[in-house]
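Try each task before you read its solution.

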Amino acid sequence: MEKFTRITAVAAPLLRINVDTDAIIPSREMKTVGKTGLAAGLFAGWRYQAPGSRDENPDFVLNREPYRQARILLAGANFGCGSSREHAVWALQEWGMRSIIAPSFGAIFAGNCVRNGILPVVLDNALIEDLARQVEADPASRLLTVDLVDCTVTAPDGRRHAFAIAAADREMLLEGLDGIALTMKRDDEILAFQGHDRLRRPWIYL
Amino acid sequence: MARSIIDKLWDDHLVADLGEGTSLLYIDRVFLHERTGSVALKELAAANRRVRNPEQVFCTMDHIVDTLPGRSDSTRMPGGTSFITQTREAAHAAGITLFDIGSSDQGIVHVVSPEQGIALPGVTLVCPDSHTCTLGGIGALAWGIGSTEAEHALATKTLAVRKPRSMRIDFQGRLAAGVTAKDMILALIGAHSASGGVGYAIEFAGEAVRALPVEARLTLCNMGVEFGAWTVIIAPDQAVFDYVRGRPYAPRDQVLEQAIAYWRTLPSDPGAVFDREITLDCSTLAPQVTWGTSPQHETGIDGTVPDPAGEPDTNRRQAMERALAYMALQPGTRLDQVPIQAAFIGSCTNSRLSDLRAAAAILEGRRVASGVRAICVPGSTQVKLAAEREGLDRVFRAAGFEWRESGCSMCFYAGGESFGFEERVVSSTNRNFENRQGPRTRTHLASPVTVAASAIAGRLADARALAR
């Protein structure tokens, strides 16, 4: 997994509430069993003129310069709600997005982000709207910095805004950790749990 | 100290405290389906890792499989066949139990799981599917995860989880006739928004919940994710114990009695403290229907399309305006005057035998309005067979409904079947998102009886007027 420490990049505002994972990657764009080949389907329902076409809708933010270079997305509340499809995160990652800043996230989506090197940052909605206004004044030069080492977002006006993130999520992103390998080090504890639990709840052990 | 049902299940599955509020929890059951389980099994095998306890892992074919009679591995979804064949190969290689196409036990994952006794009270169960919270209806601690987390659960029998805040929702009063669990959950989301439950593990409680049959509790919990909850749960009671008894993977005889004795200890202790408690009066609820593109865009069938101008919050107002443009609806329009072109009964929300019985009671002796395409997709092959034994299929067919094989079907569009461009469908499913059921398809979520009554009327309709 790609590590995340600190990025300074163009930020694209998409300040709609309740953006669901069907909108991030429509099911019709998930054509093969795998994690790749999904970037072209990112936001397909909004990004293209018609379903199935690749004629760009010039009004959609990620089709405009300099937002095509965006690595940070400024989003509305409950971003990534709905379906558990990790394809939404794989599509964002393949497209080039590294961090999403929103007032709140769908729980499964946020979990999928940290397992794929994308940093979900929770900030207050009014602050995100202010960041969007600052960026939109000149998006190519008014960049945002997202720093996971000191857990801050630096606005174009130079102000730094702290954010909170679970320690385990932060460590996973900073180190690019493999969660399975970490847990496998606790094999003795898992075996001990099973040994005790098998007596207490025998119906679990088919 | 008084503990909630969620505290108790958390404690009983704790393998290790990882610090900072994160726990390594033991996962009793993993369920997979061909849409998102396939990639988890493949990636696991590619990493040379194996499924730790394959006897406790199950998989079904529901998302991609066709629901037309005479179906096979080929589907109408582009690339669909590869999801089916690769899931089958990976499931066999991993040694897990697969409910394959053609099996009498195949069906939608969250219908099959309690039906087979795989989901039980008090178990932890995960599935790479957001509607896994459905199983809270029988008292399981069950939640949706991504495919990478599914790999973790398969390989280690555990997941590292940060304990969410706790909430209890007291559904007060008794439902009026013709009002259902679907109406309760839509009303909750309408009142508190689609993000009202974000960050919470939620216990659904109260008189209206206790009065619900088990299948209706599954419906209520199904849309917990549409409320934004990490998961939702209902304390198991005698109705659940009776439901579980005799199911294929459920415990039997002395072990069942031992299990029931444990399950009786699970309800929240008196005095258990929740971070948030809210109430919803169910005694005055009308059947609910959505008018927009989020489940929070909903109101009573006797209501009207709201005016965004009256919404003080800018973000919500803009979302309403977008929704009304997408849905081609005007503020002030009576919902029971909105004409429909299609009606759908199915999905993990509302496709169980009790749902089909209730819809059939409305449809019996009546005909679907001309110009309305109506489809019923039983939630599992077992549900379909049971319905056919009762003659429900004949009622649906005589009314003008298509009667399908089991699967997720047209709950979502994946490039295959859809209800058509700008067509309006009343649907017993869980998501009215833009383009969810087809390009520019307009979805109105409702209960199965509301769908049945609407199919007959050719417009959104109040089933209470047709009750016999």
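The exercises below look at strands, a sheet and an interface.

This is a predicted model, in which local features need pLDDT of at least 70, side-chain atom pairs count only at pLDDT 80 or more, and totals for chains, interfaces and linings use all residues. Residues are numbered from 1 along each chain as its sequence is written, while chains are lettered from A and ligands numbered from 1 in the order in which they are written.

**Exercise 1.** Find the strands that pair with strand S6 (residues 144-147) of chain A, and then sort the residues of S6(A) by face.

*Solution.* Strands are DSSP runs of E with at least two residues, numbered from the N terminus. Two strands pair if DSSP finds at least two bridges between them.

- Step 1: Strand S1 (residues 6-9) of chain A runs antiparallel to S6(A), joined by 4 bridges. Here A:Thr8 is opposite A:Thr145.
- Step 2: Strand S7 (residues 152-154) of chain A is also antiparallel to S6(A), over 3 bridges. In S7(A), A:Thr154 is the bridge partner of A:Thr145.
- Step 3: Between S6(A) and S7(A), which form a hairpin, there are 4 residues. In the turn, A:Cys151 has a positive phi of about 55 degrees.
- Step 4: In a regular strand the side chains alternate between the two faces of the sheet. The covered face of S6(A) holds A:Leu144 and A:Val146, and the uncovered one A:Thr145 and A:Asp147.

**Exercise 2.** Work out the strand order of the open sheet of 5 strands in chain B.

*Solution.* 

- Step 1: The order is S5-S4-S3-S6-S7, with parallel pairing.
- Step 2: Strand S5 (97-99) and strand S7 (141-144) of chain B each have a single partner strand, so one side of each has no neighbour in the sheet.
- Step 3: Within the sheet, 2 bridges join strand S3 (residues 29-33) to strand S6 (residues 124-127) of chain B, and B:Val30 stands opposite B:Val126.

**Exercise 3.** Describe the side of chain B that touches chain A.

*Solution.* Two residues are in contact if their C-beta atoms, placed from the backbone, lie within 7 Å.

- Step 1: By this count, 62 residues of chain B contact 48 residues of chain A.
- Step 2: Several elements give two or more residues to this side of chain B, among them helix H5 (147-156) and helix H11 (314-327). H5(B) gives the most, with 7 residues.

Technical notes
Buried ≥ 20, exposed ≤ 12 C-beta atoms within 10 Å, placed from the backbone.
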